[in-house]
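Here is a quick walk through this model, from its overall layout down to its sheets and ligand shells. Have the structure open as you read.

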Amino acid sequence: MNAIIIDGKKTSKDIKDELIIKVEELKNKGVEPTLAVVLVGKDPASQVYVKHKKKACEYVGMRSLAYELDEKTTEEALLELINELNDRDDVHGILVQLPLPKHIDEEKILLAIDPSKDVDGFHPYSVGNLSIGRDGFVSCTPAGIIELIKRYNIEIEGKNCVVIGRSNIVGKPVSMLLLKENGTVTICHSRTKNIKEICKNADILVVAIGRANFVTKDFVKEGATVIDVGMNRLDNGKLCGDVKYDECSAIAGAITPVPGGVGPMTIAMLMSNCVKSANNMLK
Ligand SMILES: NC(=O)C1=CN([C@@H]2O[C@H](COP(=O)(O)OP(=O)(O)OC[C@H]3O[C@@H](n4cnc5c(N)ncnc54)[C@H](OP(=O)(O)O)[C@@H]3O)[C@@H](O)[C@H]2O)C=CC1
Ligand SMILES: Nc1nc(=O)c2c([nH]1)NC[C@@H]1CN(c3ccc(C(=O)N[C@@H](CCC(=O)O)C(=O)O)cc3)C=[N+]21
């Protein structure tokens with residue numbers, strides 16, 4: 001049996017269509033939701049993501065401000081820009097595209113963003129809120145994964161959920177969210193032993209490693225849901241996930257493709273977080 005293909009592109013469009021109405025309502029109340037995107041340097045992958053974000057803002061009717069800074073920008077200059085954006089009442093979300101050039105301390109920059117504008121959910125305040133179950137900004141990729149699972153009516157409660165990867169931006173927060181949804185969560189990483197056996201037990205398998213085709217059919221339980229977060233650019237220019245799609249989709253019950261799976265959801269959740277931030281400012 002072939003798996004249900006979880007269509008992130010379509011789902012992200014549905015979410016953005018819902019947001020168009022909310023943006024319109026905010027505008028009627030005199031608030032124009034605005035996202036500031038800061039990019040330092042000319043990393044081609046980052047430039048593509050920033051372009052996607054700008055297009056999504058246009059689609060939902062939000063304003064976006066793009067700051068494209070020189071590779072040699074100093075930490076002080078970047079902090080100054082962030083402070084300026086923190087102070088502006090007409091800016092609701094601030095996103096500093098990662099990775100940053102090596103001479104800039106990433107942690108320092110993320111800490112400088114006002115938590116009330118932290119639409120990426122990377123500030124320790126947002127991370128803390130997530131871990132103790134308080135409302136706050138949840139980082140976009142993990143939030144997008146949960147939204148996809150829910151919109152496809154896949155149950156999380158009581159299920160064995162296995163996450164491969166423990167990064168601050170994907171692995172850890174998605175594990176926290178699965179736990180919040182009452183899943184039984186196991187986190188695997190580069191030191192995990194018997195990773196295949198652990199994964200084979202998963203009802204929901206989330207893969208966020210950054211290695212093309214790492215997960216093969218012998219990792220996947222019959223009928224499991226497989227969420228592929230990986231974004232690997234191959235030498236031929238093609239984008240490829242961490243999961244061997246062809247063989248795993250023959251075993252899984254549902255699976256996300258790359259592209260067209262988790263990626264577009266990340267952008268949709270970013271738009272959703274910006275609208276939420278603009279709404280918070282009305283209160
Ligand atoms: N679709 C989207 O919107 C997004 C996609 N991505 C993509 O997701 C992938 C992961 O990103 P990110 O979390 O930032 O990556 P990181 O490189 O920060 O983390 C990778 C994780 O995978 C683990 N890992 C690496 N090799 C193995 C292995 N052989 N076996 C088991 N675990 C392993 C690492 O373990 P350890 O901690 O022990 O080193 C680490 O925890 C990338 O391809 C990235 O491009 C990322 C963000 C958004
Ligand atoms: N501060 C910050 N916030 C981020 O959210 C952030 C970041 N830095 N740095 C890089 C990662 C990566 N990321 C992606 C977003 C969208 C797609 C996406 O839309 N992917 C499309 C395809 C895109 C293409 O064709 O290149 C898809 O999967 O269908 C992918 C990856 C956000 N990130």
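The protein splits into two domains, with domain 1 covering 30–114 and domain 2 covering 140–263. Keep in mind that this is a predicted model. Taken over C-alpha atoms, the centres of domain 1 and domain 2 are 28 Å apart.

For residues 139–280 the figures are 37% helix and 17% strand, with 17 Å between the end C-alpha atoms.

Now for the sheets. One of them is open and built from three strands, in the order E3-E2-E4, with parallel pairing. Strand E3 (63–69) and strand E4 (93–96) sit at the edges, and each has a single partner strand, so one side of each is left without a neighbour in the sheet. On average, neighbouring strands here are turned by 15° against each other, direction ignored. Strand E2 (residues 34–40) runs parallel to E3, and seven bridges join the two. One pair to look at is Leu39 with Glu68, its bridge partner in E3. Helix H3 (residues 75–87) packs on this sheet and touches E2, E3 and E4. The direction of H3 makes about 180° with that of E2.

The other sheet to look at is also open, and here six strands line up as E1-E11-E8-E7-E5-E6, again with parallel pairing. At its edges stand strand E1 (4–5) and strand E6 (184–188); each has a single partner strand, so one side of each is left without a neighbour in the sheet. E1 pairs with strand E11 (residues 254–255) in the parallel sense, over two bridges. Within that pairing, Ile5 stands opposite Ile255 in E11.

| Shell | Nonpolar | Polar | Charged |
|---|---|---|---|
| Ligand 1 | 10 nonpolar residues | 12 polar residues | three charged residues |
| Ligand 2 | 12 nonpolar residues | five polar residues | one charged residue |

Which residues come closest to ligand 1? Of the 25 residues that surround ligand 1, the closest are Ser167, His189, Ser190, Gly210 and Thr266. Helix H10 (residues 262–282) supplies the largest share of this shell, with three residues.

Ligand 2 is surrounded by 18 residues, and the closest of these are Leu98, Pro259, Gly260, Gly263 and Thr266. Helix H2 (44–60), E4 and H10 are the elements that give two or more residues to the shell around ligand 2. Which of the elements gives the most to the shell around ligand 2? H10 does, with four residues. So how do the domains come into the picture?

Domain 1 (30–114) and domain 2 (140–263) each put at least three residues into the shell around ligand 2.

How values were computed. Residues are numbered from 1 along each chain as its sequence is written. Chains are lettered from A and ligands numbered from 1 in the order in which they are written. This is a predicted model: local features need pLDDT of at least 70, side-chain atom pairs count only at pLDDT 80 or more; totals for chains, interfaces and linings use all residues. Two strands pair if DSSP finds at least two bridges between them. Axes are lines fitted to C-alpha atoms, for helices over the stretch in contact, and angles run from 0 to 180 degrees between N-to-C directions. Two residues are in contact if their C-beta atoms, placed from the backbone, lie within 7 Å. Domain bounds come from an automatic or database domain assignment. A residue is near a molecule or strand if its C-beta atom, placed from the backbone, lies within 6 Å of it. Ala, Val, Leu, Ile, Met, Phe, Trp, Tyr, Cys and Pro count as nonpolar, Asp, Glu, Lys and Arg as charged, and the others, Gly among them, as polar.
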